Amino acid sequence: MVNVRHARNVVPGHAPVPAAGMRSITILGATGSIGTSTVDLIKRNRDRYRVEAVAAGRNVPALARVAQEVGARVAVVSAPSAYAELKDALAGSGIEVAAGEDALVEAATRPADWIMASIAGAIGLKPTLAAIEKGMTVALANKECLVCAGGLFMRRAAASGATVLPVDSEHNAIFQALHSGPREGVRRIILTASGGPFRTWSMEQIRAASPEQALKHPNWSMGPKVTIDSATLMNKGLELIEAHHLFQLPSAEIDVLVHPQSVVHGMVEYRDGSVVAQLGAPDMRIPIAHCLAWPARIDGPSPRLDLAKVRQLTFEDPDLDRFPALGLARQAMEAGGAAPTVLNAADEVAVAEFIAGRIPFMAIPALVEATLDAAAGRGLLAEPDSIEAALGVDHDSRQLARSLLPEIAVKAS
Ligand SMILES: NC(=O)c1ccc[n+]([C@@H]2O[C@H](COP(=O)([O-])OP(=O)(O)OC[C@H]3O[C@@H](n4cnc5c(N)ncnc54)[C@H](OP(=O)(O)O)[C@@H]3O)[C@@H](O)[C@H]2O)c1
């Protein structure tokens, strides 16, 4: 059998391409934005997909509903305190119920042809890595896996032969565009960014931005963390790091371009001057459907792209003064080691504080920068060589970030 992934040099893996018949699927983060879109596609293609396990954090009513809708064999909630509620909700359904972090890892490693890794945050690292180590085919939405422990994650994927399919729309676009030529023909890749809700705002307006304003993304409907990250452009920064690991490219060969229409999701520039792009409506069901059916294609429910209606596609360079998070992420990527792990942990703390209304918007990048500086000062930036080490850095960085919060909140207001 031709190994499509190696032939294309895109993502590692020699896990068997799932058979054309019924595929068994596990969804980690089944109640979230990506999980719900995945479930939507599965419900539209019941003759192709059978659901093995669904997992979530603590939203029992949503998880129980999803488990029943797709006829999952197992439903897992990571909060042990939610076990009894889930058991009651699924009583008589024949669906097995489990709770806790170990149960999450077990769900991730149950035999399945395909896994959606869409838990939000660094908490998704353990179960996703467990699936990778088993050599499974993983559709990766959880970018934190690559940001917090990218080197480790990709080495383990290469060793186990796991296949990593990029779900993030930009990476999925590049994955598709990379099929146009050999790896040595690539000059650079370009990730597009919508620019978020504050693209045209002045610095003064951005400083005064409220959580409600930041949570209103102009084009995409997503979970709260990634929506705030889109407003600061940290999301694009995390995606830079994700692309660096996924496609094994240096910083100089990964560019970011602001493209407010979110129609062109990513581009690959080849050495001969050709630029190959993937276009589509801003609907995550498109890249999810691509991964779900890969290497085949299925009918997608998303609105078809009508370029005559779109009329204009515009592009501009990102403004690193108003959106310093993007520059911080690039610096962390170039520094390597644990710098991206620290960046991500500090950002998770900062975003939660901002959503709770306790810090102003510009305190998000300020806290990330201060935490990176403090971590460097304490010699905490060595590359994590195990999952425990990565999670240790994540934990210490969160504490460090929290200790810096009061000072940063005052400075940024
Ligand atoms: N949304 C997008 O369009 C998009 C695009 C590209 C990449 N991504 C990435 O995909 C991931 C998911 O994003 P999202 O927008 O779907 O997030 P979301 O809507 O906030 O959903 C998060 C999911 O993770 C689950 N979860 C949270 N904490 C958990 C825990 N401790 N243990 C197990 N599960 C837990 C949640 O379960 P509960 O409901 O029980 O809390 C929920 O199912 C993120 O890494 C994000 O960066 C998202």
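Student: How far apart are the C-alpha centres of domain 1 and domain 2?
Tutor: They lie 23 Å apart. The model is predicted, so to speak of local features pLDDT must be at least 70, side-chain atom pairs count only at pLDDT 80 or more, and totals for chains, interfaces and linings use all residues. Residues are numbered from 1 along each chain as its sequence is written.

Student: Where do the domains run?
Tutor: Domain 1 covers 4–166, domain 2 covers 172–310 and domain 3 covers 336–412. The bounds come from an automatic or database domain assignment.

Student: How many residues does the contact of domain 1 and domain 2 take from each?
Tutor: Domain 1 gives 30 residues and domain 2 gives 28. Contact means C-beta atoms, placed from the backbone, within 7 Å.

Student: On the domain 1 side, which element gives the most?
Tutor: α2 does, with 7 residues. Helices (H or I, at least four residues) and strands (E, at least two) are DSSP runs, numbered from the N terminus.

Student: Other topic. How do α6 and α7 pack?
Tutor: Helix α6 (residues 125–133) packs on α7 at about 15 degrees, with the axes 9 Å apart. Axes are lines fitted to C-alpha atoms, for helices over the stretch in contact, and angles run from 0 to 180 degrees between N-to-C directions.

Student: Roughly parallel or roughly antiparallel?
Tutor: α6 and α7 are roughly parallel. Angles under 35 degrees count as that, over 145 as roughly antiparallel, 65 to 115 as roughly perpendicular and the rest as oblique.

Student: Which α6 residues meet α7?
Tutor: L125, T128, L129, I132 and E133. Their partners in α7 include C148, F153 and R156.

Technical notes. Contact = placed C-beta atoms within 7 Å.
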